Amino acid sequence: MSQSGKPTGLFKNLSAKIAAIPMVLTALVVFVGCSVWTIVYSFTNSRLLPSTKWVGLDQYERLWGTRRWLISIENLAIYGILMLILALVLGFLLAALIDQKIRFEDGFRTIFLYPYALSFIVTGLVWQWLLNPEFGIQNAVRSLGFESFTFDPLYNTNTVLYGVLIAGLWHTSGLVMCLMLAGLRGIDEDVWKATKIDGIPAWKTYLLVVIPMMRPVFITTLVLITSAIIKLYDLVIAQTGGGPGLASEVPAKFVFDMMFVSQNLAQGFAASSMMLVAVIVVIIPWAYLEFGGKKHG
Amino acid sequence: MTKFKTYALGMLTAAAAQPALATDLEVTHWWTSGAEAAAIGVIADGFQKSGNTWVDGAIAGAGGVARPLITSRITGGDPMGATQFTHGQAMRELIEAGFMRDVTEVAEAQGWKDQIFPQSLLDSCTFEGKLYCVPSNIHSQQWLWLNNAVFTENGLTVPQNWDEFVAAAPTLREKGIIPLAQGQQPWQKQLMFSVLMVSIGGPELFEKVYGELDADYAAGADVAKVFTAAAEARDLMTGSNVQAWNEAARLVIDGRAAGQIMGDWIQGEFTQSGMKAGEDFSCLPGLGVHEYITAAGDAFYFPKVDDPEIIAAQDILAGVIVSPETQVDFTMAKGALPVRRDVELRDPTPCIEKGMEILKAGHIVESINTMVSPDTVGRVTDLMVEFFADPGFTPEAAQAEFAEIIATAD
């Protein structure tokens with residue numbers, strides 16, 4: 001910004017600034033304001049209605065002593081890491097395959113992107129049926145003659161999270177593929193010609209030349225996937241309801257249940273504040289590297 | 001012209017004949033299933049007879065969805081005329097904050113104290129000596145439902161109590177039958193545990209734990225028996241992988257499972273599939289051990305409003321809900337028990353008769369929802385969800401955690 005020194009700096013691009021005011025206000029009031037409100041009230045003993053009786057860190061002590069919360073955090077971490085890696089890998093592979101100038105590209109693209117047009121609730125229900133041992137995949141394979149085939153990830157405490165992950169991947173990979181495909185198409189044809197002349201194999205070109213050049217696309221994708229991971233809720237509700245037992249509980253569900261089922265607002269606020277802290281811990285170093293780092297060299 | 005005149009005249013006389021002008025009263029509720037919708041229709045009809053208009057505010061989804069909507073409308077300054085709500089402590093904060101209207105005058109004018117039975121229904125509506133809700137029906141939870149054919153076909157006699165049921169279980173297992181069906185939803189696990197506490201432990205135990213919140217007692221030997229029974233029940237339920245309670249009932253009806261612990265609302269599922277109480281299926285109140293039932297159910301609340309017409313309509317609705325005519329039809333439709341002693345039900349099934357007898361004998365326990373806060377219920381539920389899902393969770397460890405919850409409960 002070169003507005004320093006000029007008295008008219010404030011009025012530069014006036015119409016653009018006026019146009020931005022509603023969004024700025026929304027961001028300040030809705031996002032920042034409500035976050036602060038939530039954090040403040042997480043230090044009270046609010047139940048059904050917000051109360052102002054201060055209880056210090058009690059809500060946080062109880063939160064971190066609650067096993068369901070700890071399980072939720074662990075589940076989200078496992079789901080998040082696997083989702084992030086697998087969605088990127090699958091999405092990129094699909095995009096690279098489609099990019100080989102194949103026939104019916106439009107058809108494949110539509111098929112892969114289609115799941116994204118469905119809501120998480122529908123996705124969850126569809127996969128709940130598919131993974132149900134009595135009328136899903138297991139039943140279909142058994143009716144082919146493989147009587148001992150067992151595939152019921154949603155009914156086993158140890159595998160339920162992967163059942164949810166399959167549905168999540170099915171939903172998200174198509175979008176990742178589209179973004180990646182756009183990125184691949186943005187790579188100059190000359191780059192490919194140059195590597196071909198140098199005799200570099202295609203997989204090496206992808207890994208060492210194309211992917212680094214696609215950095216902005218990867219970052220956009222990363223942000224989209226991460227935000228979908230943090231707010232994971234509806235998929236779990238539709239697919240497992242958090243079960244069996246507490247095996248597929250997630251933080252967003254904990255917050256909702258605390259606030260509206262247990263009627264304990266402050267406990268829900270404390271949990272959502274912790275989720276906010278987790279997001280900030282991830283975002284600040286990244287934002288610093290991405291924006292701050294560049295400026296200084 | 002003459003036609004119009006007669007029409008207008010007719011309107012005038014009709015209006016004059018009515019005691020008050022028609023008022024629109026919006027009533028919110030989450031009774032949307034077939035039997036429930038028929039039941040709320042009975043109340044609506046009764047209310048419309050007074051000349052006022054019932055505006056139906058059905059909210060799709062269960063209480064978990066409807067409760068936040070209802071409370072936010074009341075606290076947000078857009079109250080409905082009346083609302084169905086959980087009978088118990090859930091509404092307490094709104095009452096304390098002065099959002100709700102008391103209907104003490106109606107109750108006194110109509111002498112509810114002498115008619116409504118059991119008394120505890122009114123007690124849990126009362127706050128600082130004033131009555132804030134109208135109980136509409138009683139639902140009891142402590143029932144073991146059995147498919148008779150499953151037992152007789154496998155050479156067993158139909159059990160008369162929990163111990164006989166547990167003893168019959170190994171034979172059923174051999175035949176590939178799940179002894180005890182249950183859905184996986186959290187509230188069903190909590191219900192199961194509460195039922196075991198009342199039925200196996202007895203009403204005094206239940207009162208001591210949730211009423212007096214005696215944490216030492218909750219850690220003691222008496223409650224340990226309940227946890228042992230819960231661990232037994234957990235083994236009996238292995239293989240019951242359905243989600244909803246009516247899917248579990250389906251397992252029992254189809255003979256794939258032998259029995260189910262569930263509230264009296266399940267009876268409709270059995271009768272609708274052509275089974276007869278006493279002949280094709282049995283019901284054991286209190287699991288045949290301690291024949292006590294919870295007398296809690298649903299209630300209607302009235303938000304505070306300024307409009308005198310709406311206040312008058314609220315009073316009329318309050319009277320309609322507990323009137324004997326409504327009570328008979330309403331509870332028949334909903335498959336529940338009436339809140340007054342002086343009504344005669346038409347052709348009650350043996351199970352409903354048993355329920356009425358227990359009620360009349362005063363063998364009643366309070367519901368967990370009226371004894372402790374929703375927060376405490378939530379914590380107990382979480383514990384039970386974990387306990388029933390994980391065979392490695394010992395009853396001793398669960399009891400220790402349970403005692404901890406009771407120590408900090410409210």
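This is a predicted model: local features need pLDDT of at least 70, side-chain atom pairs count only at pLDDT 80 or more; totals for chains, interfaces and linings use all residues.
Local features are reported at pLDDT of at least 70 and side-chain atom pairs only at pLDDT 80 or more, whereas totals for chains, interfaces and linings use all residues. Residues are numbered from 1 along each chain as its sequence is written, and chains are lettered from A and ligands numbered from 1 in the order in which they are written.

**View 1. The contact between chain A and chain B.** Chain A contributes 17 residues and chain B 21 residues, two residues being in contact if their C-beta atoms, placed from the backbone, lie within 7 Å. On the side of chain A, helix H12 (residues 251-261) gives the most, with three residues. Helices (H or I, at least four residues) and strands (E, at least two) are DSSP runs, numbered from the N terminus. The chain A side comprises seven nonpolar, seven polar and three charged residues; Ala, Val, Leu, Ile, Met, Phe, Trp, Tyr, Cys and Pro count as nonpolar, Asp, Glu, Lys and Arg as charged, and the others, Gly among them, as polar.

**View 2. Helix H2 (residues 34-48) of chain B and its packing.** Ala39(B), Ile40(B), Val42(B), Ile43(B), Gly46(B) and Phe47(B) are buried (20 or more other C-beta atoms within 10 Å of the residue's own; exposed means 12 or fewer, partly exposed in between, with C-beta atoms placed from the backbone). Down the axis of H2(B), the buried residues fall within an arc of 135°, so they line one face of the helix; the arc is that of the directions from the helix axis to the C-beta atoms. They pack against strand S1 (24-29), strand S2 (53-58), helix H16 (308-322) and helix H17 (324-334) of chain B.

**View 3. An open sheet of four strands in chain B.** The strand order is S8-S9-S7-S10, with mixed pairing; two strands pair if DSSP finds at least two bridges between them. Strands S8 (178-181) and S10 (281-285) each have a single partner strand, so one side of each is left without a neighbour in the sheet. Strand S7 (residues 143-147) and S10(B) pair in the antiparallel sense over five bridges, and Asn147(B) stands opposite Phe281(B) in S10(B).

**View 4. Helix H18 (residues 350-360) of chain B.** Cys351(B), Ile352(B), Lys354(B), Gly355(B), Ile358(B) and Leu359(B) are buried. These buried residues fall within an arc of 155° seen down the axis of H18(B), so they line one face of the helix. Glu357(B) and Lys360(B), on the other side, are exposed. The cover over the buried residues includes helix H15 (267-272) and S10 of chain B. Gly362(B), with a positive phi near 75°, follows H18(B).
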